[in-house]
Structure formats: C-alpha cells, structure tokens
Amino acid sequence: MDIEKAFEEAYEKASKTKKQLPVDIKLQIYAYYKQATAGAAHQFKEPNNEDIIKAFKLNAWQQISHLTKEEAKQKYISLINSIDL
C-alpha cells in the first residue's frame with residue numbers, strides 16, 4: 001500500500017474514534033499530522049500565556065519539526081495502528 005493511502009486510512013480511523021485517548025497521545029497524533037501535512041511551517045501565532053492548549057500543541061509540533069513530511073506520515077500511521085481504536 002502506498003504511503004498516501006495508508007496515511008488517509010489512518011486519518012479516517014483516528015477521526016472516527018470515540019475512544020478517549022491520553023493527552024500525550026493526542027499531542028503526538030496532532031504533531032505528526034501537522035508535520036506530515038504542513039511541514040515545519042507553523043500556521044498559527046505563538047500562543048500567549050492564556051492559551052495553554054495551543055502552547056502544548058505548538059511544543060509537540062516543534063519537538064518533531066526535524067522530521068520530513070514522509071517521516072511524519074510514517075510515524076503517524078504507525079502510532080494510529082498501534083492504538084486500539
């Protein structure tokens with residue numbers, strides 16, 4: 001299966017789940033998805049102190065910004081497939 005199709009299937013699986021995931025897993029999913037789709041070009045403003053959720057998201061994304069889009073897609077697919085959704 002090609003990586004684009006596997007990525008789309010993993011995205012669909014993650015999007016449709018009703019399962020409550022731990023926050024650290026949600027942040028990993030977010031970061032890998034953003035890196036895979038947008039690359040290192042962060043599309044939102046630096047969060048202020050009142051927006052803690054955006055701060056955590058930005059931090060998670062920045063921690064993996066060294067990955068290429070392809071590497072991020074592979075890690076996203078692996079993570080989603082490792083979770084019992």
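## Charge over a ring

The charged end of K73 lies over the ring of F7, 5.6 Å from the ring centre; the criterion requires NZ of Lys or CZ of Arg within 6 Å of the ring centre and within 35 degrees of the ring normal. F7 also belongs to an aromatic cluster together with Y11, Y33 and Y76.

## Model and confidence

This is a predicted model, in which local features need pLDDT of at least 70 and side-chain atom pairs count only at pLDDT 80 or more, while totals for chains, interfaces and linings use all residues. Residues are numbered from 1 along each chain as its sequence is written, and side-chain values use heavy atoms, with hydrogens and water left out.

The mean pLDDT of the chain is 90, and 89% of the residues score at least 70; pLDDT is the predictor's confidence in each residue, from 0 to 100. Confidence is highest in helix α4 (residues 69-82), at a mean of 98, and lowest in helix α3 (residues 52-63), at 89. Helices are DSSP runs of H or I with at least four residues, numbered from the N terminus. Where pLDDT is low, the predicted coordinates should not be read in detail.

## Helix α2

Helix α2 (residues 23-38) has 16 residues and should span 22 Å at 1.5 Å a residue; its end C-alpha atoms are 22 Å apart, in agreement with that value. The expected span is 1.5 Å times one less than the number of residues. After α2 comes G39, with a positive phi near 70°.

The buried residues of α2 are I25, L27, I29, Y30, A31, Y32, K34, Q35 and A36, where buried means under 20% relative accessible area, exposed over 50% and partly exposed in between, with a 1.4 Å probe and protein chains only. These buried residues pack against α1 (3-16), α3 and α4, contact being defined as heavy atoms within 4.5 Å.

## Aromatic pairs

Rings of Phe, Tyr and Trp (its six-membered ring) pair if their centres lie within 6.5 Å; planes under 30 degrees apart count as stacked, over 60 as edge-to-face and the rest as tilted. By this rule there are five aromatic pairs. One of them, Y11 with Y33, is stacked, at 5.2 Å centre to centre and 25° between the planes. This pair links distant parts of the chain, Y11 being in helix α1 and Y33 in helix α2, 22 residues apart. Y11 is partly exposed at 35% relative accessible area, and Y33 is partly exposed at 27%.

Y33 also pairs with Y76 in a tilted arrangement, at 6.0 Å centre to centre and 55° between the planes. Here the link runs from Y33 in helix α2 to Y76 in helix α4, 43 residues apart. Y76 is buried, with 2% relative accessibility.

## Salt bridges

The structure holds four salt bridges, each a side-chain nitrogen of Lys or Arg within 4 Å of a carboxyl oxygen of Asp or Glu. Among them is E9 with K5, whose closest N and O atoms are 3.3 Å apart. Both residues lie in helix α1, four residues apart, about one turn of the helix. E9 is partly exposed at 37%, as is K5 at 45%.

Another salt bridge joins K16 and E12, with closest N and O atoms 3.6 Å apart; these residues too are four apart in helix α1, about one helical turn. K16 is exposed at 60% relative accessibility, whereas E12 is partly exposed at 40%. An α-helix has 3.6 residues a turn, so residues three or four places apart point the same way. K54 forms a salt bridge with D51, the closest N and O atoms being 4.0 Å apart; K54 is partly exposed at 40%, and D51 is partly exposed at 26%.

Conventions. Helices (H or I, at least four residues) and strands (E, at least two) are DSSP runs, numbered from the N terminus.
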